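Dear colleague,

I am handing over the structure below, and after it you will find my notes on what turned up when I went through it. Please read them beside the coordinates and tell me where you would look further.

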Amino acid sequence: DGDSYGVLPRPCRALVLLNPQSGTGRALEDFQAVVQPMLAEADIATTVFITERPHHAHEKVRDEDLSQWDTLVVMAGDGLLYEVVNGLMERPDWEETMKKPLCILPGGSGNALAASINHYAGNDHVTKKKLLTNCTFILCKGLHTQMDLVSLSTASGKRLFSFLGFGWGFISDVDIDSEKYRWLGNARFTLGTLQCLAKLRVYQGRLSYLPAVPEQGSPPAPRDPHAPVTNGQAGRILPPAGTEAPGALPADSLLVPLCQPVPAHWTVVPEEEFVSVYAIYQSHLGTNLLMAPAAQLHDGCIHLFYLKAGISRVALLKIFLAMARGTHLDLNCPHLRYVPVRAFRLEPRAATGIMTVDGEVLACEPVQGQIHSRLCRVLSG
Ligand code: ADP
Ligand code: MG
């Protein structure tokens, strides 16, 4: 796929969206001290937009003329990039605008995409200022490529686009409960994990998925190109692919409405009690959590992990410690399952447990999602 890579022009004009409250609150300081001098050397001119509140970046990229920028840079945590992606997808010209390369510079406490890109680029595992320097260097080099996004649809009719992961239960609890320790930086996740281990809970629901590789004994997938598809808005049927109105969002061709059972060629997990479900599409869940070592920017895969109820606290802690090196699957823990999928559905039995998308809270309700290959572009080294 020779045309999947591109390079930023020189001189280059970058719009930098910066959250001054991200992480330990030093994003602006670090940007001025570390990033700006490097970008000046590389002939990249910056305009800095400092966000004043949640949703500010979303509105900015949704509503404004972006033609004067060659790249949109996010200097914050994953949460701000999530706003940017969803703001861009709300534009009538999203298809054109999503060709504009995005860049993440780690300025938050959750910098999973930055850690993943650093990993894909073949760099050593680093954190903090070193990770920021590596990511700034990737921007200076200017090489960009395509990235998959996952389209999520909820029972209440929300349609969201996610670049990192969707979670429910333990892992999402840690993410959100630990936000009060944001001042600790990345260490907030270690403290949060220990606290959540103490009050370990079980969540009930049904998990189904479309395996990326057909599983043994599963019926063959149907091959009807004219099968009806939905856009995730409570069962609305869209015309077959290729006939959508201009500006319409990409159709979720693998999904049926949430009010219908999943297609027969999907797998339904027999167990209905979980400690956590996590669908990740990047290698890292956090700077020190290598959850899906096999993941790539555009592998067309959702890496689905679930932890079945009955796991002991010690076994759970071992899994989290092993995840620092990405060796958690080598433990062969019978409660931990991993399967690469193209789509999944999660139907919680009650509205209990925190759901997260790219580290941001989502109301707990039935949700399904599917991969959309190469929907955006990122600076990737
Ligand atoms: P972190 O990794 O520390 O969570 P993020 O960049 O992900 O940092 O930001 C967390 C949240 O802060 C996002 O949901 C974003 O909308 C919100 N936000 C953005 N700008 C501001 C601001 N000026 N004040 C408070 N919150 C903000
Ligand atoms: Mg965040």
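**Ligand 1 and its surroundings**

A polar backbone atom of G23 lies 2.8 Å from an oxygen atom of ligand 1, a polar contact in the sense used here (a pair of N or O atoms within 3.5 Å; within protein, one must be able to donate a hydrogen and the other to accept it, and residues adjacent in sequence count only if both atoms are side-chain atoms). In total, 21 residues surround ligand 1, and the closest are S22, G23, T51, E83 and R182, where a residue is counted if one of its heavy atoms lies within 4 Å of the molecule.

Before going on, please note that this is a predicted model, in which local features need pLDDT of at least 70 and side-chain atom pairs count only at pLDDT 80 or more, while totals for chains, interfaces and linings use all residues. Residues are numbered from 1 along each chain as its sequence is written, chains are lettered from A and ligands numbered from 1 in the order in which they are written, and side-chain values use heavy atoms, with hydrogens and water left out.

**The two domains**

The protein is divided into domain 1 (2-149) and domain 2 (153-219 + 249-375), with bounds that come from an automatic or database domain assignment. The contact between them (heavy atoms within 4.5 Å) takes 32 residues from domain 1 and 40 residues from domain 2. The area buried there is about 3000 Å², of which carbon and sulfur atoms give 61%; buried area is the accessible area (1.4 Å probe) that two parts lose on being put together, summed over both. Y82, D148 and L149 supply 25% of the area that domain 1 buries against domain 2, more than any other three residues.

**Other features**

The structure as a whole holds 19 salt bridges, one of them between the side chains of E90 and R62 (3.5 Å, N to O).

Most residues other than glycine have a negative phi, and most peptide bonds are trans. Against that background, the peptide bond from R10 to P11 is cis, with omega near -10 degrees, and N332, which is not a glycine, has a positive phi of about 50 degrees.

Key:
Salt bridge = Lys/Arg side-chain N within 4 Å of Asp/Glu carboxyl O.
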